[in-house]
Amino acid sequence: MTVSVNLTGKHPSAAYQEKKKLVVQLVKTYESFRCKKITSRVWVSETGKIISKMNALDDKDIEFRLYTAQYYITAGRVNEGKWILDQVAMDVENAPGDVLYSYHLYLTSLCSKEDRIINDVSERLEGIFRRNPDNWRIAWLLQYVSEEHVMSGQRKWMMIGEQLSHGCMSPILYLEGMNILNEAPSILARLDSQELSVLEYGAKKEILSLNLIDQIVYLSARVRNFDKRLFRILKACYKIKESDDVLEAIVSLLIKGGETGRFAFEWYEKGVERELRITRLYEYYMMSIYVKEDGKLPCEISKMVLMYFSYQSTLEYDKNAILYRYIHERRQEYPELYDTYVPQIEKYLMAQLDKGRVGKDLGYLYKNLLTKQMVDASNASKVLSVLYTSEIKTDNQQMCGVCVIYDKCAKEMRYPMSGGRAFVPLYGSDYTVLLVDHDENRYAVSVPYSNIKMMIPGKLSGYAIPYIQKGRENLDLFLCDLGKNAYTIDMENVGRYRDLAESEFVKKEYRNEIQSSLVRFYYDNDFTRQLTEYLVGINPIDMTGHERNEIIELMVLGGLCNNALEWMGTYGTYGIDAKVILRMCNRLIDMDDLGVSAKEIEIAYYAFVNGKYDEQLLKYLEKNFTGTVKEMRDIWKASEAFGIDTYSLSERMLVQMLFSGSYIGEKIDIFKSYVRSGANADIEMAFLSLGAYDYFVHGSVTDRYVFERIEALALQELPIQDVCKLAYLRYYATEKSSEESVNKDVAKTFIKSLMANNIYFPFYLEYSEIVPELSHFADKTMLEYRTEPGTHCYIHYRLAGEEDNEYHSIELQEMYEGIYVCAFVLFFGEQLQYYITEDKEADEDALTESGTIQKSDITKNQRDSNSRYSLINDIMIGETLQDYDTVDKLLAEYQNKNFVCNGIFRPIQENSYSKE
């Protein structure tokens, strides 16, 4: 057993625990003195040793100092005690609570004999007690100071009762209570819980006075119900004073509670020996009697008890069995008394037979008193059951049942167990006994038990066998002893075996063995009609899988394919040769009898998965099979190897992959095969969109064929998803191998379409030569950021070296599914510092990324080298290189171009634009 302990707060220190141990020792020593276990001299000596240990442990502890003072006062060293009291006076007043202060006042009264001081202490203690009415220590001290309490035992008892009602369990108060009751037993007026607590303490310490015992016995007669504490108190009283009055009180209390345990028999036996006149004493004497492990009674049954039950007994059947066996065994000693018992014993035996009861004592009575005239057809089966009954016994009280399993019996036999005992009929030796607990767990050997036969049937079984009819219960099965004849069937027993083959009490496997033996018997003896009838009526439910598979194979070989298919559909194909199933399927396909239900397709697939298939079976599966993607992939590969058209199967696999998200390595090959066979445009576009999405959003590796198909569909002017366009552009912008070449028309169309939707990415700049509109991005430096779709993201940026050192913020634009882009105009040498934050549910921005962007390269696109941005960028590069001649030339060129542009190009007015 594991006990969990949770420690809360500070764990007590070793010093604290040692202090508590010393206080406990001090109390126990005082308790031994008050109970007169030790003399006053020994008490003072032992107390002095404990006080010394206390002072050695902590000589500044106020409580220990007060104990020392009382010890000195008790030992006659009053001045030393008084000196300690004076030393700790201030500490006591400042100590928390009122207990130590009250203790100090009490000790002060011990040092002084003046009435004035004692009365003053008494008044103070009474005032303190009024503030602390539930503090037993203050109440105890008050009893020795207050004149009212010193003089009145009744008042003391009432105060003790009040403290007990508050939950006090101190042995100090119990001692005070016992002293009061021993001195004045009349104060004890009832036996309630508080009174029993004090008396139980006195019983334990054996300090009950004789007068108090008389008072307890008197009050116990008023108690209506059995009380364990009162029983223990009365036992202690009897130990001190062995009188009939105390014994009668104990026996009466046990009878009131209906106690019939072994502990009670001891007292009923004493009551019978003392010939106490108590109602129903003899009944409870017999109800509590028991049989020891050696099978003997704890004592001889009193003759008075035997005479009491000689004409009628209303005891339980097991107690009556003990009584009747006892009188039968002593029939020579009490012949006349035995003769009076015989009629009721015979009547008792018939009643117990009718109820099927048995036990050691009942078995003895059956063996010695059961006659042939007492057995007939009405009770023969019960007699047989009783004769073969055994006692299953275990010491494990958790067991609540016994399960008996016979090797050839289809159903287990269940019997209840009580008190670790059960009476179970056991036939022959071919069985297994299991013990069962309340949780239905079963135990074969881990829980030891004994199996004892109640009696040896002998000639008694012969009384019952003539009345046992064939087929009643399962007795025929046991009596025929099925296991010994090895199912040898002949003309004499064939009828019985036919019944056994249909009996629900026999296990199926043994019924099937009997059926097989019957078939062989009919075949060997040329009983053709009987054999045909048997085969026609054979039920596959009662057959084992191996036997059923053999018959299925014979059905297929004999051309009964529909029957074999029906059996397979019901019981499955496990264990059947795949070649047999292939043959059956081909024959049914030839006859157009193989349907397309789930069971029939599964049967055909069983042959394929076990490596037995041909072109005919593959065509059937390609057209009809639907399973996991991997299962369909295997059929697709086999069909491709046979050159079978796999369009239907490929389409089912692609659709299933799109909906389930399943992945297989051959998916591109399957897709290619599907496209070659004339793909459905919607399914192809869905597949391409998924592949493009995985590539563009998740960065998955995607086969080039996906982008080739996107390009092909675009050239056919079919509507293309944005994600396909983005994936296509990114793929050819990042792949620079000689084999990879982008279709410029397709790329131009895609970029214009995306830009029209305000979707732009940094990789667009790779297409600036074929898309003039991208010149707008020539002066842009773009930043791409990825996160969860729909997130509000903000970039906080500043240019390094600016006088205004504060960050500026803008919200990032989500271009596609969690991909955000923003653009900045940076010139050569400029450095942008930034960090990105995201809005979270807790109203706090979470910093997710930070870094710098620097423009340090020369413009790559020569086509835009004469743009205003390029000129400014080149001027900054020249200045960095300190090529001031070039800087002057570029500044002049920039000024000329600016003058010409301002003079030639004018803004278009709205009215002129509207006229055009």
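These are my notebook entries on one predicted model.

**Ground rules.** I'm working with a predicted model, where local features need pLDDT of at least 70, side-chain atom pairs count only at pLDDT 80 or more, and totals for chains, interfaces and linings use all residues. Numbering runs from 1 along each chain as its sequence is written, and side-chain values use heavy atoms, with hydrogens and water left out.

**Whole chain.** I looked up the secondary structure and got 41 helices and 14 strands (DSSP runs, H or I of at least four residues for helices, E of at least two for strands, numbered from the N terminus). Of the 916 residues, 42% count as buried (under 20% relative accessible area, 1.4 Å probe, protein chains only). I also have about 51800 Å² of accessible surface, 49% of it on carbon and sulfur atoms (Shrake-Rupley method, 1.4 Å probe).

**The sheet.** Next I traced an open, antiparallel sheet of 4 strands, in the order β10-β9-β13-β14 (two strands pair if DSSP finds at least two bridges between them). β10 (808–811) and β14 (845–854) are the edges; each has a single partner strand, so one side of each lacks a neighbour in the sheet. From one strand to the next, the twist averages 25° (axes are lines fitted to C-alpha atoms, angles run from 0 to 180 degrees between N-to-C directions). I then checked β9 (residues 793–799) against β13 (residues 831–839): 7 bridges join them, antiparallel. Ile795 sits opposite Ile836 in β13.

**Phe899.** Is this residue, Phe899, buried or exposed? Exposed: its relative accessible area is 63%, and the cut-off is over 50%. I place Phe899 in helix α40 (residues 884–904).
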